[in-house]
Amino acid sequence: MLHRTLGTTGPQVSALGLGCMGMSALYGDTDRAESIATVHAALDAGVTLLDTGDFYAMGHNEMLIGEALRSAPAKAREQALTSVKFGALRGPDGAWLGYDGRPAAVKSFAAYSLQRLGTDHIDVYRIARVDPDVPIEETVGAIAELVEAGYVRHIGLSEAGADTIRRAASVAPIADLQIEYSLISRGIEDRILPVCRELGIGVTAYGVLSRGLISGHFARDRKLAANDFRGMSPRFQGENLQRNLDLVEALRKVAEERGVSVAQAAIAWVLSRGEDIVPLVGARTRERLTEALGALDVTLSEADLAAIEAAVPADAAAGDRYPAEQMAHLDSEH
């Protein structure tokens, strides 16, 4: 399988990573046995990067990954790389309470993550959103101390803007920026991606199927469960949803002509953006994982890329990536 580098100082990772959030929260009911089987199938297929957050179902996702790793074959377990986000504060009722990037909090979050994952180190550690009340230099400095102590291997960022990335990189080497990037979320191309490339920082792209919106499997009349956060997402609302699904149908025509699925075309497009970009696929089942892995066999020609971008032009999406309150917490300028 193809391998890519997360930055000049980062680890070698598989061409696709597995985003595990949906196995625990935010997308409706989950199946623990199927989730663990999907992680095992990903590892068996050569996927090495497993992405989680300590606030995904308040630690549930880390414990799930820990269980999956403990029950995986030794070789697969040894090759697995953990990417962990921290800093998002949650209430007992699941409410979002802000972010904490203070150095003492960084180390406390890490201690609990190590315990839940059942490992002695985290491969890539990053604050989920920049804490506006704590200079990024202090947050990154605390992670750097964890690196020195052997608890963390590489420092990452998440949803950080260009200026923040530069400030963070002035403190310690940054291996990777995790940020949303897809056919309908292309804001990083203007400033953020050029800065990452200038500084030798890799990108893990989440939301490559825009939470299933451009997967080709989302029906116009689908009713979302009460515990599915997409019910509050502007892109899944009313007229926005219909306009966005029109884009999907245009993409479907291109994909069918190419002999691939809509999801495979969308993932292959992200893969085509550069060797320094690793798409995270949020597959919750082995079936969806198999489809996503099929994108690795898709080589898009210049004509294919032009047809895809004609079907889904930049800035064509209707609605913001997140509800207004969450957009206000983003430092990433897109």
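This is a predicted model: local features need pLDDT of at least 70, side-chain atom pairs count only at pLDDT 80 or more; totals for chains, interfaces and linings use all residues.
Let's start with the barrel. Eight strands close up into it, and if you walk around, the order goes β3-β4-β5-β8-β9-β10-β11-β12. The pairing is parallel. As you step from one strand to the next, the twist averages 30°.

Let's zoom in on one pair, β8 and β9. Strand β8 covers residues 122–127, strand β9 covers residues 152–158, and the two run parallel. How many bridges join β8 to β9? Three. If you want to find the spot on screen, look for Ile122, which stands opposite Val152 in β9.

Now the helices. Helix α4, residues 103–117, lies across β5 and β8, and its direction is at about 140° to β8. Then there's α5, which lies across β5, β8 and β9, running at about 160° to β9.

So what does α5 do with α6? A quick reminder: we describe two packed helices by the angle between their axes and the distance between those axes. Here α5 is residues 136–149 and α6 is residues 162–169; their axes come within 9 Å and cross at roughly 45°. That angle makes α5 oblique to α6. The crossing of α5 past α6 is right-handed.

And which residues meet there? From α5 you've got Ile136, Glu137 and Val140, and they meet Thr164, Arg167 and Ala168 in α6. Sort the residues of that contact and you get three nonpolar, one polar and two charged.

That's it from me, thanks!

Terms used:
Residues are numbered from 1 along each chain as its sequence is written. Side-chain values use heavy atoms; hydrogens and water are left out. Axes are lines fitted to C-alpha atoms, for helices over the stretch in contact, and angles run from 0 to 180 degrees between N-to-C directions. Helices (H or I, at least four residues) and strands (E, at least two) are DSSP runs, numbered from the N terminus. Angles under 35 degrees count as roughly parallel, over 145 as roughly antiparallel, 65 to 115 as roughly perpendicular and the rest as oblique. A crossing is left-handed if the near helix is turned anticlockwise from the far one by less than a right angle, and right-handed if clockwise. Contact means heavy atoms within 4.5 Å. Ala, Val, Leu, Ile, Met, Phe, Trp, Tyr, Cys and Pro count as nonpolar, Asp, Glu, Lys and Arg as charged, and the others, Gly among them, as polar. Two strands pair if DSSP finds at least two bridges between them.
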